[in-house]
Amino acid sequence: MELLHAGRDDHALRTAALLRRSHPADKELQLAGLLHDIGRMLRPGDGARHAVLAAEAVRPLLGERVARLVRLQAMPAAASGGADRAGEDAEAEAVATLRQAREAAGAAGPEAGVLEDWRPLLELVAAGSCRAGNVIGPLGGPRGPITDVR
């Protein structure tokens, strides 16, 4: 939350709000919309890797799916749909939806709300991720996949 407060990104809030309206049951997709740009805050100026940095930052807390959506939304559409990436084909529709919301949020639109409105959802998904065993392992990587937290 501190990082999100520091960045104060209305674009991310609008992206998440659009996803909340269009996909109310997909909490992980909504959070990917909220967090899709935090890599720019983590390492300013490293534009080429910002999505990878963001994905690495959210994976331990929010799970593999949120991290995968955050990472893939920044890739060109042709590059993110390859069958050689395990588990990513199933997310193609979610990634496309996230990209569309991200683009739509660029235009002035409906009130995005406030960041604190997202705290309960962040906590809910983080708790589900921890229950699923998606915690940092002894070598620094996540242990276990996230299960459905909806």
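Biologist: Which residues of H9 are buried?

Modeller: First the general idea: an α-helix has 3.6 residues a turn, so residues three or four places apart point the same way. Buried here means under 20% relative accessible area, exposed means over 50%, and partly exposed lies in between, with a 1.4 Å probe and protein chains only. In H9, the buried residues are Leu121, Leu122, Val125, Ala126, Gly128 and Ser129. Seen down the helix axis, they fall within an arc of 160°, so they line one face of H9. That arc is taken over the directions from the helix axis to the C-beta atoms. Pro120 and Arg131, on the other side of H9, are exposed.

Biologist: What sort of model is this, and how are residues numbered?

Modeller: It is a predicted model, in which local features need pLDDT of at least 70 and side-chain atom pairs count only at pLDDT 80 or more, while totals for chains, interfaces and linings use all residues. Residues are numbered from 1 along each chain as its sequence is written, and side-chain values use heavy atoms, with hydrogens and water left out.

Biologist: What span does H9 have, and what is expected?

Modeller: Helices are DSSP runs of H or I with at least four residues, strands are runs of E with at least two, and both are numbered from the N terminus. The expected span of a helix is 1.5 Å times one less than its number of residues. H9 covers residues 119–131, 13 residues in total, and reaches 18 Å from its first C-alpha to its last, close to the expected 18 Å.

Biologist: How many residues of H6 are buried?

Modeller: Seven of its nine residues are buried, so H6 is largely enclosed by the rest of the structure. They are Arg65, Val66, Ala67, Arg68, Leu69, Val70 and Leu72.

Biologist: Which side chains does Arg65 meet in salt bridges?

Modeller: Side chains of opposite charge can pair when their charged atoms come close. A salt bridge is a side-chain nitrogen of Lys or Arg within 4 Å of a carboxyl oxygen of Asp or Glu. Arg65, buried at 11% relative accessible area, meets Asp26 in a salt bridge of 2.7 Å, N to O. That pair links distant parts of the chain, with Arg65 in helix H6 and Asp26 in the loop between H2 (10–22) and H3 (27–35), 39 residues apart. Asp26 counts as buried at 11% relative accessibility. Arg65 also meets Glu91 in a salt bridge of 3.0 Å, N to O. Glu91 lies in the loop between H7 (77–80) and H8 (92–104), so this pair ties together parts 26 residues apart in sequence. Glu91 counts as buried at 9% relative accessibility.

Biologist: How many salt bridges are found in the whole structure?

Modeller: The search finds eight. One of them joins Arg119 and Glu116 at 2.8 Å, N to O. Arg119 is partly exposed at 30% relative accessibility, and Glu116 is partly exposed at 36%. Salt bridges that share partners join Asp26, Glu28, Arg59, Glu64, Arg65, Arg68 and Glu91 into one network.

Biologist: Which residues have the most contacts inside the largest nonpolar core?

Modeller: A nonpolar core is a set of buried Ala, Val, Leu, Ile, Met, Phe, Trp, Tyr and Cys residues joined through side-chain atoms within 4.5 Å. The largest has 30 residues, and Leu31, Leu34, Leu35 and Leu62 have the most contacts inside it. H2, H3, H5 (50–62), H6, H8 and H9 each supply at least two residues of this core.
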